[in-house]
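Student: I am new to this structure and would like to find my way around it. Could we go through it together?

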Amino acid sequence: MSDGTHTAEQVTLARLPSGVELTTTVHTYRGGDSGPTLYVQAAQHGREINGTAVLRRFHDRLPLESLSGTVVAVPVANPLTFDRVSYTAPDSIDSVNDNMNRVWPGDESGSLHQRMAARLWEHIEDADAVVDLHTGSPDMLPHVVYLEADEPSAELARAFGTDLLLAEEAAEDAPDEWHRRGFAGKLRVAATQEGIPSITPELAHSKQILESVVEDGVVGLTSVLAHLEMLPREFARERDQNRVDAPIVARNHLGQVTAEESGLFRPNPDLELGQSISTGVDLGTIYQPATYEVLERPVTDREGILYTLTREATVTAGSKLASVAIREEDHALE
Ligand SMILES: [Zn+2]
């Protein structure tokens, strides 16, 4: 057994209108023993910087001498949105596909995001598993999303080990909204449909690096490696034996309550993320900030697990207030 190697390669993702080449760094860790290949990336939505921080800490901590197989890691998958600290790219950069996570597996002669994805896909297509690190809204329970009914992906999600796992219906099983929003072009979906088990961890919130989240992300990642037998078992997450209820497996990525009125939103202070919630529960109050008039008292429209509750004070009609996922054992009875 050799000690293993690490290389860092500058890869050109696309050429910008000015002629400047857009590059990023692809890290490759080769273990001394043979084994599977895991591809992991962060920040295809550039404001989601906790994933990037996870990969740096993973780099510092990965024991190459204990690694079997290969890890390919891309800490900044989308430098365009990273520099803008944004979710999407502006029209001037990509007027066709503003969201990189709707274009996978990409197209080498397509729009800018499609070309970037196609370039990264060259590192993905031969992988045995994919972890696409993301973050969400300020008040969101960390969770891992995977394609429902894809057992190898479900196993990766359980190995990553957040308390909440979300199974997403896809393709012919998916609701219209899933298709309308272009979710078939997510990296996780495209890779799973190519037979590569894939997960999307959604770690805390965007734009701010949170110590506990970074640590949790590294443990999740090494747990996935242990599950794939790329690292010894001691790198797997130790489950708190007192948490008999975890993980909660739920479904419906689209179970959102949105605001009907614009104004200031005060969430119901009695609610806690991760709690079971029934239909018709008071989510808070939207009021007119100048006259104090109560405009709306939004309520849940389904029974399930409350996994996001917006804390932003100003809301506009149509914006998301809360997300409720349906427990797997409940929808199985439907
Ligand atoms: Zn994202």
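Tutor: Welcome! This is a predicted model, where local features need pLDDT of at least 70, side-chain atom pairs count only at pLDDT 80 or more, and totals for chains, interfaces and linings use all residues. Residues are numbered from 1 along each chain as its sequence is written, and side-chain values use heavy atoms, with hydrogens and water left out.

Student: What area do domain 1 and domain 2 bury between them?

Tutor: Start with the bounds, which come from an automatic or database domain assignment: domain 1 covers 5–250 and domain 2 covers 255–326. Their centres, taken over C-alpha atoms, are 29 Å apart. Buried area is the accessible area (1.4 Å probe) that two parts lose on being put together, summed over both. Here 64% of it is on carbon and sulfur atoms, and the total is about 970 Å².

Student: Which three residues supply 49% of the area that domain 1 buries against domain 2?

Tutor: The contact (heavy atoms within 4.5 Å) takes 10 residues from domain 1 and 11 residues from domain 2. On the domain 1 side, more of the buried area comes from one trio than from any other three residues: P138, D139 and L141.

Student: Why is strand 15 described as largely enclosed?

Tutor: Strands are DSSP runs (E, at least two residues) and helices are runs of H or I, at least four residues, numbered from the N terminus. Strand 15 spans residues 304–309 and pairs (at least two DSSP bridges) in the antiparallel sense with strand 12 over two bridges, and with strand 17 over four. Buried means under 20% relative accessible area, exposed over 50%, partly exposed in between (1.4 Å probe, protein chains only). Strand 15 is largely enclosed by the rest of the structure because its buried residues number six of the six.

Student: How are the rings of Y29 and F58 arranged?

Tutor: Rings of Phe, Tyr and Trp (its six-membered ring) pair if their centres lie within 6.5 Å; planes under 30 degrees apart count as stacked, over 60 as edge-to-face and the rest as tilted. The whole structure holds two aromatic pairs. With centres 6.1 Å apart and planes at 85°, the rings of Y29 and F58 are edge-to-face.

Student: Which parts does that pair tie together?

Tutor: Y29 is buried at 3% relative accessibility, and F58 is buried at 1%. The pair ties together parts that are 29 residues apart in sequence, because its residues lie in strand 2 and helix 1.
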